[in-house]
Amino acid sequence: MSNRKRKVDDDAFDDNMSISPQNSPAFTPRSIARPSKKVRANEVTGRPLALPRLLETLDAESLRSVLQTICERHPQIGTEVVSSAPRPSVAATLDVLSQYQHKLREAFPFGGAGSDYAYNRVKQPLVDLIEALTDFTPHYLPPNETQTTTSLTFLDSATKVVHELPDWDSQSHRHHKDNAYDEISRAWAMVVSEASKKGGGFQLHSGGWDQRLAKHNEQSGGRMQVAINALGSNLGWMGTSTGSSTAANDRESIRNQLLSGTYGSNSPVRVGIW
């Protein structure tokens with residue numbers, strides 16, 4: 001009996017010792033719940049610039065290039081741009097022409113104009129300048145431009161641009177400047193003809209435009225004769241600037257009458273058969 005009791009006690013002791021702490025309810029492992037990550041609405045991520053910020057980064061040349069591309073793809077937008085854009089001032093247009101002149105001067109090789117080599121070097125910027133001049137000039141002509149002074153101011157400066165075009169030794173290269181003189185001369189003739197319809201063209205004479213045109217023709221070597229002919233036919237009543245003292249007095253008398261608004265009032269207007 002004693003042996004049996006000892007065996008039961010030993011078995012019970014072995015069972016208690018075989019219980020692992022990990023199997024004990026007091027040591028049951030529990031998973032730790034981690035808080036879920038909250039996604040912020042303004043979380044940093046790559047994205048393109050908004051249109052206003054993008055436009056701020058573009059220089060004038062880049063902006064013009066983008067706008068021109070858009071207008072070419074969508075002609076209706078181009079029409080709206082033309083109708084909405086402010087009219088270019090004479091100063092702004094002359095600034096653009098000045099930039100073309102600068103590119104032309106920079107393209108010349110050492111030694112200046114004259115040779116065929118120099119012509120080939122500058123042909124493209126030369127053509128670009130003349131084309132710009134050709135495109136801008138009609139904008140300042142009637143009826144698109146109604147202010148005679150604005151037209152004449154532009155033509156005066158544009159003619160100076162033509163004077164500064166290079167002179168070439170080869171006759172085959174001279175057509176650029178000859179054609180430019182022909183076009184600017186015809187532009188002068190149109191403005192002179194329109195101006196003569198307002199006050200007998202007195203604005204041309206009082207502003208000294210007739211003298212400026214005469215100087216331009218002299219500097220061009222007589223290549224602006226079309227404009228001179230228009231000036232003579234429309235302002236012939238004023239005579240020439242080198243006339244006699246009597247003619248000068250007559251012109252001054254007419255000038256004073258025009259200024260005072262009494263021109264033609266000295267002669268009574270006859271009505272009927274008298």
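Start by selecting Asp 182 and Arg 186: both sit in helix H8, four residues apart, so about one helical turn separates them. Helices here are DSSP runs of H or I with at least four residues, strands are runs of E with at least two, and both are numbered from the N terminus. The two side chains meet in a salt bridge, 3.2 Å from N to O; the term stands for a side-chain nitrogen of Lys or Arg within 4 Å of a carboxyl oxygen of Asp or Glu. Asp 182 is partly exposed at 32% relative accessible area, while Arg 186 counts as exposed at 51%. For these labels, buried is under 20% relative accessible area, exposed is over 50% and partly exposed is in between, with a 1.4 Å probe and protein chains only.

Before moving on, a word on what you have open. This is a predicted model, in which local features need pLDDT of at least 70 and side-chain atom pairs count only at pLDDT 80 or more, while totals for chains, interfaces and linings use all residues. Residues are numbered from 1 along each chain as its sequence is written, and side-chain values use heavy atoms, with hydrogens and water left out.

Select Asp 156, Lys 160 and Arg 212 next: salt bridges with shared partners join them into one network. Then go to helix H2 (residues 51–57), where Glu 56 and Arg 53 lie three residues apart, about one turn of the helix. Their closest N and O atoms are 2.9 Å apart. Glu 56 is exposed at 57% relative accessible area, and Arg 53 is exposed too, at 51%.

Now try Glu 145 and Arg 87, a salt bridge with its closest N and O atoms 3.1 Å apart. Glu 145 is in the loop between H6 and H7 and Arg 87 in the loop between helix H4 (75–84) and H5, so this pair ties together parts 58 residues apart in sequence. Glu 145 is buried, at 10% relative accessible area.

Stay in the loop between H6 and H7 to find Pro 143. A cis peptide bond joins Pro 142 to Pro 143, with omega about 5 degrees. Most peptide bonds are trans.

Zoom out: the chain has 12 helices and zero strands, and 26% of its 274 residues count as buried.

Select Phe 154 and show its contacts, meaning heavy atoms within 4.5 Å. Beyond its neighbours within four places in sequence, Phe 154 touches Val 90, Thr 93, Leu 94, Leu 97, Phe 136, Thr 137 and Tyr 140.

**Last stop: H10**

Which residues of H10 are buried? They are Trp 209, Asp 210, Leu 213, His 216 and Asn 217. They cover an arc of only 120 degrees around the axis, which puts them on the same side of H10; the arc is taken over directions from the helix axis to the C-beta atoms. Their cover includes H7, H8, helix H9 (202–206) and H11. On the other side of H10, Lys 215, Glu 218 and Gln 219 are exposed. Finish just after H10 at Gly 221, which has a positive phi of about 80 degrees.
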